Amino acid sequence: MKMTPNINDSTMKYPVRPIPLHIDIQENEWGFALKDLIYPYIQGATKITIYDPYIREGYQIKNLVALLERALDEEGLVGVLLVTNPVFPDMDKHIEWVNRMEKLRRSLTMREVQFEVSIDPTLHDRRIVMDSGWVVIPGRGLDTYKFNDYFEIGATDERYRLWHATKIDTLFIPELDEIGYAEKYPENKTVQ
């Protein structure tokens with residue numbers, strides 16, 4: 001049976017415009033993608049900072065890439081900062097991670113988006129902060145989906161992947177609004 005997230009007990013699948021929300025996703029729900037849930041909050045932003053200590057494994061980096069591909073749909077995006085804490089049992093894994101981050105950096109640079117990585121060994125909480133003042137707090141960070149084999153439905157379309165239970169909160173913090181979002185889009189100003 002197809003499931004949809006409980007977005008404030010509404011029947012809408014994705015928010016059309018950014019509004020403060022609490023989204024409660026149950027274990028094994030499917031029918032939506034993290035990148036699409038977050039997209040309305042990326043609109044208008046020129047810089048995105050992603051705080052997630054667990055961007056280590058290939059599937060986690062793949063989820064990051066999917067989010068950044070969706071962010072590229074916005075014309076004004078010029079910078080992405082990833083703050084993370086990759087801890088590896090051996091040097092080979094660390095070198096592989098560094099190479100993957102460099103590939104991602106080069107790929108974004110070709111699209112005129114600066115990508116930086118900052119290591120914070122004290123990082124625990126996950127959040128995605130836009131310079132428009134919007135903040136998305138995904139409880140599990142970008143590690144939202146259950147394992148999916150390349151030969152199963154959901155391998156190429158995240159909407160068909162099963163989710164781990166999680167909560168996602170969004171809020172607008174005027175002090176983080178570096179680009180005048182609230183003045184540019186007064187119809188979306190929902191928090192004073």
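In these exercises, two residues are in contact when they have heavy atoms within 4.5 Å. The model is predicted, so local features need pLDDT of at least 70 and side-chain atom pairs count only at pLDDT 80 or more, while totals for chains, interfaces and linings use all residues. Residues are numbered from 1 along each chain as its sequence is written, and side-chain values use heavy atoms, with hydrogens and water left out.

**Exercise 1. Asn 63 and its surroundings**

Find where Asn 63 is placed, decide whether Asn 63 is buried or exposed, and list its contacts beyond the neighbours within four places in sequence.

Solution. 
- Step 1: Asn 63 belongs to helix H2. Helices (H or I, at least four residues) and strands (E, at least two) are DSSP runs, numbered from the N terminus.
- Step 2: The relative accessible area of Asn 63 is 8%, so Asn 63 is buried. The cut-offs are under 20% relative accessible area for buried, over 50% for exposed, and partly exposed in between, with a 1.4 Å probe and protein chains only.
- Step 3: With neighbours within four places set aside, Asn 63 touches Leu 142, Asp 143, Tyr 145, Glu 158 and Arg 161.

**Exercise 2. The chain as a whole**

Describe the secondary structure of the protein chain, then say what percentage of its residues count as buried.

Solution. 
- Step 1: Count the elements: the chain has four helices and eight strands. Their order along the sequence is β-β-α-β-α-β-α-β-β-β-β-α.
- Step 2: The chain has 192 residues, and 45% of them count as buried.
- Step 3: Take the contacts between residues at least 6 apart in sequence; 73% of these join residues at least 24 apart.

**Exercise 3. Helix H1**

Explain why H1 is described as largely enclosed by the rest of the structure.

Solution. 
- Step 1: Eight of the nine residues of H1 are buried, so the rest of the structure largely encloses this helix.
- Step 2: Check by name: the buried residues in H1 are Leu 34, Asp 36, Leu 37, Ile 38, Tyr 39, Pro 40, Tyr 41 and Ile 42.
- Step 3: Look just past H1, where Gly 44 has a positive phi of about 90°.

**Exercise 4. Aromatic rings**

Classify the pair Tyr 41 and Trp 134 and the pair Tyr 145 and Trp 163.

Solution. 
- Step 1: Recall the rule: rings of Phe, Tyr and Trp (its six-membered ring) pair if their centres lie within 6.5 Å, and planes under 30 degrees apart count as stacked, over 60 as edge-to-face and the rest as tilted. The whole structure holds six aromatic pairs.
- Step 2: Tyr 41 and Trp 134 have ring centres 5.3 Å apart and planes at 65°, so they are edge-to-face. Tyr 41 is in helix H1 (residues 34-42) and Trp 134 in strand S7 (residues 132-138), so this pair ties together parts 93 residues apart in sequence. Tyr 41 is buried at a relative accessible area of 1%, and Trp 134 is buried at 0%.
- Step 3: Tyr 145 and Trp 163 have ring centres 5.2 Å apart and planes at 75°, so this pair is edge-to-face. Both residues sit in the loop between S7 and strand S8 (166-177), 18 residues apart, and both are buried.

**Exercise 5. The cavity**

Give the volume of the largest cavity and name the residues that line it.

Solution. 
- Step 1: On a 1 Å grid over the protein atoms alone, a cavity is a set of points where a 1.4 Å probe fits but cannot get out, and a pocket is an open set with protein on both sides within 12 Å along at least five of seven lines; lining residues have an atom within 4 Å of a point. Points are joined across faces, edges and corners, and the volume is the space filled by probe spheres set on them.
- Step 2: The search finds one cavity of 30 Å³ or more, and the largest cavity holds about 40 Å³.
- Step 3: Its lining consists of Leu 34, Lys 35, Asn 63, Ala 66, Leu 67, Tyr 145 and Glu 158. H2 gives the largest share, three residues.
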